[in-house]
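This report looks at how one protein chain is put together, beginning with the chain as a whole and moving on to particular contacts. Please keep the structure in view while reading.

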Amino acid sequence: MQFSEWLLPQLSKSSVKKYAEAIDGPLSEWAAGASIVHSPLSSIREPSEFRDISSKISLLPIFIERNARGHHMYSSALSKYQQYLDQGGSASSVVNNLKPNAKNRLIDCVSDAGIDVSDWSDFTG
């Protein structure tokens, strides 16, 4: 599950967009400019690694200034991303959700989709 998908049940679409853009935009840029990271913050998957990086970002003068001016939106974005990681959110969780958990026969899947399969027993191919 992507960060923005994880946020949707909690926040308005507008807030979701702002938080996701803050993580991939200014926060990543400020961290890269200070040589804290060399890739976007959204590429970080380990909660402890993000916690360390987040604490360093929050000490940057540009972060302090913009966070105060922006009514703590940047610190909230960092906090939400930390919660997302702490709860196991990542792109890999999407793959895990797609893995089949049962071995269904094709006929059962087609039938479950509402298609009449009553004449399939006559097939000899």
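## The chain as a whole

Among the contacts in the protein chain that link residues at least 6 apart in sequence, 59% join residues that are at least 24 apart. The model is a predicted one, and its secondary structure comes to 7 helices and 0 strands, which gives the pattern α-α-α-α-α-α-α when the chain is read along its sequence. Of the 125 residues in the protein chain, 30% are buried.

## Helix 2 against helix 5

Helix 2, which covers residues 13–33, packs with helix 5, residues 73–86, at an angle of about 105°, and the two axes are 9 Å apart. This angle makes helix 2 roughly perpendicular to helix 5, because angles of 65 to 115 degrees are counted in that way. On the side of helix 2 the contact involves Lys-18, Tyr-19, Ala-22, Ile-23, Pro-26, Leu-27 and Trp-30, which meet Met-73, Tyr-74, Ser-76, Ala-77, Leu-78, Lys-80 and Tyr-81 in helix 5. Sorted by class, the residues in the contact of helix 2 with helix 5 are 11 nonpolar, 1 polar and 2 charged.

## Helix 3 against helix 5

Helix 5 also packs with helix 3, residues 47–57, here at an angle of about 170° and with the axes 9 Å apart. Helix 3 is therefore roughly antiparallel to helix 5, since angles over 145 degrees are counted as such. The residues that make the contact are Pro-47, Phe-50, Arg-51, Ser-54 and Ile-57 of helix 3, together with Leu-78, Tyr-81, Gln-82, Leu-85 and Asp-86 of helix 5. By class, the contact of helix 3 with helix 5 has 6 nonpolar, 2 polar and 2 charged residues.

Gln-82 lies in helix 5 and counts as buried because its relative accessibility is 11%, whereas the cut-off for being buried is under 20%.

## Salt bridges

A search of the whole structure finds 4 salt bridges. In one of them Glu-21 pairs with Lys-17, with the closest N and O atoms 3.6 Å apart; both residues lie in helix 2, 4 residues apart, or about one turn of the helix. Glu-21 counts as partly exposed, at 44% relative accessibility, while Lys-17 counts as exposed, at 52%.

Another salt bridge joins the side chains of Glu-65 and Arg-69, at 2.3 Å from N to O. Because Glu-65 and Arg-69 are 4 residues apart in helix 4, residues 61–69, about one helical turn separates them. Glu-65 is partly exposed, with a relative accessibility of 43%, and Arg-69 is exposed, with 55%. The side chains of Arg-105 and Asp-108 also meet in a salt bridge, at 3.0 Å from N to O, where Arg-105 is exposed at 53% relative accessibility and Asp-108 is partly exposed at 29%.

Methods: Residues are numbered from 1 along each chain as its sequence is written. This is a predicted model: local features need pLDDT of at least 70, side-chain atom pairs count only at pLDDT 80 or more; totals for chains, interfaces and linings use all residues. Side-chain values use heavy atoms; hydrogens and water are left out. Axes are lines fitted to C-alpha atoms, for helices over the stretch in contact, and angles run from 0 to 180 degrees between N-to-C directions. Helices (H or I, at least four residues) and strands (E, at least two) are DSSP runs, numbered from the N terminus. Angles under 35 degrees count as roughly parallel, over 145 as roughly antiparallel, 65 to 115 as roughly perpendicular and the rest as oblique. Contact means heavy atoms within 4.5 Å. Ala, Val, Leu, Ile, Met, Phe, Trp, Tyr, Cys and Pro count as nonpolar, Asp, Glu, Lys and Arg as charged, and the others, Gly among them, as polar. Buried means under 20% relative accessible area, exposed over 50%, partly exposed in between (1.4 Å probe, protein chains only).
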